[in-house]
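Here is a briefing on the spaces and the chain contact in this structure. Start with the pocket, then go to the interface and the cavities.

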Amino acid sequence: MKARHLLALGLGASLVLAGCGGSTPTPDDAGVIGGGGDNQSPAPDTNDGDSDLIVDPEAERITEEQAEYLTELYEAALDEGGNLVIYSGLAEDMDGVFDLFEEMFPGLSITAESLRGAPLMQALQAEQESGNHVADVLQNPDAQRYVFQLGDFSQPYEVQTLKVPDRLANSEDQIIDPEFRYSTAFLGFFGLGTFLPRLEEAGGMPESFADLGDPRFEGLVGFADPTIPGPSQGALLYLLASGGLDEDSLRGIANNSVVKGDHGQTIAGLMQGEFAFQFAAPVSAVVLAAEQGAPVEFSVFPTDNPLVTHKHVLLDGAPNENAGKLYLEFLNLFSAQQRIAEIGFIPLDEDASDPDAPWTSMEAAGVNEIVAYDVIDQAHEEFMPLIEDAFAR
Amino acid sequence: MARNETATWVRRQWSLRPARNLQIAIAVVAVLLFVAPLLAVLFSAFRTTPFGGEWTGDAVRDVLTAGDTWSALWNSVLLALASVIPAMLIAIVFSVLITRTNALFKWLIVATMAILVATPPVFYAIAWGLLGNRTVGIINVIARGGEQWGDGPFNIESWAGLILVSGLRATGFMFLLLIGPFSQMDRSLEEAARVSGANPIRNFLGTQLPTLMPAIVGVLIISTIVSIEAFDVPLFLGVPAGIYVLPTEVFSYLNDARQPMYGHAAAVSIILLTLLLALLIGERRLYGRRQFTTMSGKGTRSAAWQLGKWRLPIAVLTVIFCMVAVVLPVAQLVMSSLAPYFGATSGYSLANFSALLGDWNVIRIYLYTALVAGSGAALAIVAVVVMQWVARLRPGRLRTFIDSSQMLTMVAPGLLLAIGLVTLVLASPFARSYGTYWLLMLALFISIVPLASRAISGAMAQIPTELEEATRVSGGSHLRALGTVFRLIAPSALNGWLLCFVVLSGTLAIPLLLSPRGQTLLAVRVYENYLNGNITVAATLFVLFVLEVLVIAGVVEVLKRLLGRRRGSSATTSTPEPGADADVLTHKSPEKEYAL
């Protein structure tokens, strides 16, 4: 059944590609640039090289043709109504990026909603079933689930401005889906969040995630409930699959943990000093908390740090399709990549990384490969019973 | 021709029995609005998903055989008993102090209880979540002698915290329900006992309390229902401690998995519904008997009990209660709204306020919430007035059904109602209404009808049934009579609207499932910020909400005064001040006034 689905998807995508390759995108009747049959190769219209471009191609490190294409998308997005709706697992953390988008493209606005796990699935299903589409773009590290496993809520779109960095050439399919159903503009670490005033009580920093299973950290490790989909669960699966954790260290960590109900509550717990360390702290949340003045710090270990691909999907039936496409393009502009690094993520453009934050640089953090999602999915089947047993409520 | 004959027949039938036909029409609407969503929940327990799923009994079997289900049921019962019973005792004490004694600070007690009831539970839970935070909550910081980053001694995310916060809310709720019966009680018995030499306490326990017992039991049952279906406080304070009650168990099936488990959630809902329905039937039976209604206004002129040397200690205890119940949580929220991050000891400023007020998206959330809550509350008040007016037109089973149906959704927690509506809508030709303003408003309207009913029933009961007859004799229509009713109860309706508006503005469960995407309601935004660790933002949103409510309450007060001036002070059917309280507190019929 699954294979048949994939075959059908592949065939469909091939047909679309074959039918549209090399065509010149112009706004269709619905005002969609590169939409419908043109999704895969929206080669920009270059007949007006002197037109006002919405972005500076040199500053943003894109070609003039791409800048013209973005300008066309922008104009079409304005005609659509100008409000882009994004479902994101990190809506609050992405505020700075959203602000930049709104500054760069006057008249367009972003409404972002924090959705992940079951509520996200419910929203996508309900929109598909009722035909009342609301969201345009999905940002989710496990976006493949909403494309290949739990249904297909995507529409293929090849992002023109996205370039896979050389050092991740072996993981290209994790950056760009071969069928263009998702794309990844940046990565992010799950690292260690530390509440500095309680560091002394902990007797110093752990040396690895596995080290957090040491009895000296009893009651000092904050953990979002790993039986619920979210960063804690994802990070554990990543570490178990990659050998960064074994069963003994997992059980040790479980014994040392203060389990909170939700990922956000764990971040709040860290900011309030309920525990000295947060396991698998998302970099953006801790960096944001530190900027607000909380005595917290983000760090990564020399090895075995869970790496997350922040995948983006243009949703099927997106009411603001052009705005959605423009956003996916925008994420790869140099200024957006810089803003992404400021939040604490790893931009694909190494030049945009923050020298003072090594976790924003692939080079500094030694990132050469991304563990494929199917490996993680396999780990889910294999290790979830163990995780549930170790963290039984 | 046939069509004309049919129309003539309908017109004839209508004119022959207009009252009965009106009642039938209203009863049908009541079935669709209040009964159908509950039946849909039963239906969805046997479907894998409302989105074209398959029939299966797996979910029901899984739920019935899961230890977590019975643990949640036990927790629900335990929480209800542990919070409602002490709350009842405290509420009785305060009711006695207010209605019988010369206690100091009576206004403070009434104000505290009113704030407790009117504060949306999501905000109250968050306030206590911060106040009792084991590291930086004010209570613990004070208990540790000012040490900022310590641990304990009190942890609000625990059984003790859950019971405390639920109990405080229940105290306010029960006080407002009890104060009516206490103040309206016939005091001739008390006078007789006093003359016979009984001291006031013995007199109260021996003669007054037994008389009030049916009212007390009725309030106890209603409060138990409210406690068992409570979602917000257990979500914020119970779930982080691993304490699940039935409503949060339902939510966990919808929220804590890779995809929502609708069948399982509905199956747990059925257990919850059965429990609540049994309690409601008990309460209705108690209410239906009506043999205990020995109320009169005669004794209200009796002299107040003199507290003597106890007056000051009781005043101190009163102030302490008010501090714990309202002042401390609010102070914590205000402090948090001024802080750069939760737990900060310096750097207080208005930065959070200026950031939020400068954000058009936030302003839009307030406006949208006000629109949805305002229209839902207005619709509920109008609907309840119409239903109660139609019910009064003619005695019989239809009247009983229409009266009872208004309370039916009291046993449907928000999540359950939302699941029912989703199932109904997606199976109907109105599938596109899913995720729209209209469906959300409909759900909120249905959920608030029980409260609106209680808010209006007192004022409605004071309108003589002769009004209808007088209008008819004068040649007026039913519609005209209804218009007169609306005019007469306008002040009470405004009070009721305000109460419903405040409650709906803070409702969390329904918007969590039915909010139009991309258009968040205030409570959901607060919930998201709290869960994401943006505590100061959540606190600031609450403070701004309080300011919004104060402004709207001011406008309502002005409107009431304008109405009062127009009608003159002699309007016989206006609600006596403090009218809003009295209206919500007691259920009155044209013949007698009944305790709940």
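In this predicted model, the lining of the second largest pocket splits into 16 nonpolar, 15 polar and 13 charged residues. The pocket holds about 1000 Å³ of space. Both chains contribute residues to its lining.

**Second largest pocket**

- The lining of the second largest pocket counts 44 residues.
- Those nearest its centre are A:Glu92, A:Asp95, B:Asp359, B:Arg525 and B:Val537.
- From chain A, α4 (95-104), β2 (109-114), α12 (283-291) and α14 (334-343) each give two or more residues to this lining.
- From chain B, the elements that do so are α15 (351-357), α16 (360-392), α24 (522-531) and α25 (535-567).

**Interface of chain B and chain A**

- Contact involves 45 residues of chain B and 52 residues of chain A.
- The two chains bury about 4300 Å² between them. Carbon and sulfur atoms account for 48% of that area.
- How many salt bridges does the rule find across the interface of chain B and chain A? It finds one.
- A:Lys260 pairs with B:Glu157 in a salt bridge, with the closest N and O atoms 2.9 Å apart.
- On the side of chain B that touches chain A, at least two residues come from each of α12 (246-255), α16 and α24 of chain B.
- α24(B) supplies the largest share of that side, five residues.
- By class, the side of chain B that touches chain A has 19 nonpolar, 15 polar and 11 charged residues.

**Largest cavity**

- The rule counts 14 cavities of 30 Å³ or more.
- The largest cavity has a volume of about 600 Å³.
- Its lining has 37 residues. A:Pro141, A:Asp142, A:Phe190, A:Gly234 and A:Val308 lie nearest the centre.
- Elements of chain A that give two or more residues to the lining of the largest cavity are β3 (137-140), α6 (145-149), α9 (231-242), β9 (307-314) and α16 (373-390).
- Which element gives the most to the lining of the largest cavity? α9(A) does, with six residues.
- The lining of the largest cavity divides into 18 nonpolar, 13 polar and six charged residues.

**Second largest cavity**

- The second largest cavity contains about 500 Å³ of space.
- Its lining has 32 residues. Nearest the centre are A:Ser114, A:Arg116, A:Pro119, B:Asn255 and B:Tyr527.
- In chain A, β2, α5 (117-130) and α9 each supply at least two residues of the lining of the second largest cavity.
- The lining of the second largest cavity comprises 15 nonpolar, 10 polar and seven charged residues.

- α24 of chain B gives two or more residues to the lining of the second largest pocket.

Definitions and conventions: Residues are numbered from 1 along each chain as its sequence is written. Chains are lettered from A and ligands numbered from 1 in the order in which they are written. This is a predicted model: local features need pLDDT of at least 70, side-chain atom pairs count only at pLDDT 80 or more; totals for chains, interfaces and linings use all residues. Side-chain values use heavy atoms; hydrogens and water are left out. On a 1 Å grid over the protein atoms alone, a cavity is a set of points where a 1.4 Å probe fits but cannot get out, and a pocket is an open set with protein on both sides within 12 Å along at least five of seven lines; lining residues have an atom within 4 Å of a point. Grid points are joined across faces, edges and corners, and a volume is the space filled by probe spheres set on the points. Helices (H or I, at least four residues) and strands (E, at least two) are DSSP runs, numbered from the N terminus. Ala, Val, Leu, Ile, Met, Phe, Trp, Tyr, Cys and Pro count as nonpolar, Asp, Glu, Lys and Arg as charged, and the others, Gly among them, as polar. Contact means heavy atoms within 4.5 Å. Buried area is the accessible area (1.4 Å probe) that two parts lose on being put together, summed over both. A salt bridge is a side-chain nitrogen of Lys or Arg within 4 Å of a carboxyl oxygen of Asp or Glu.
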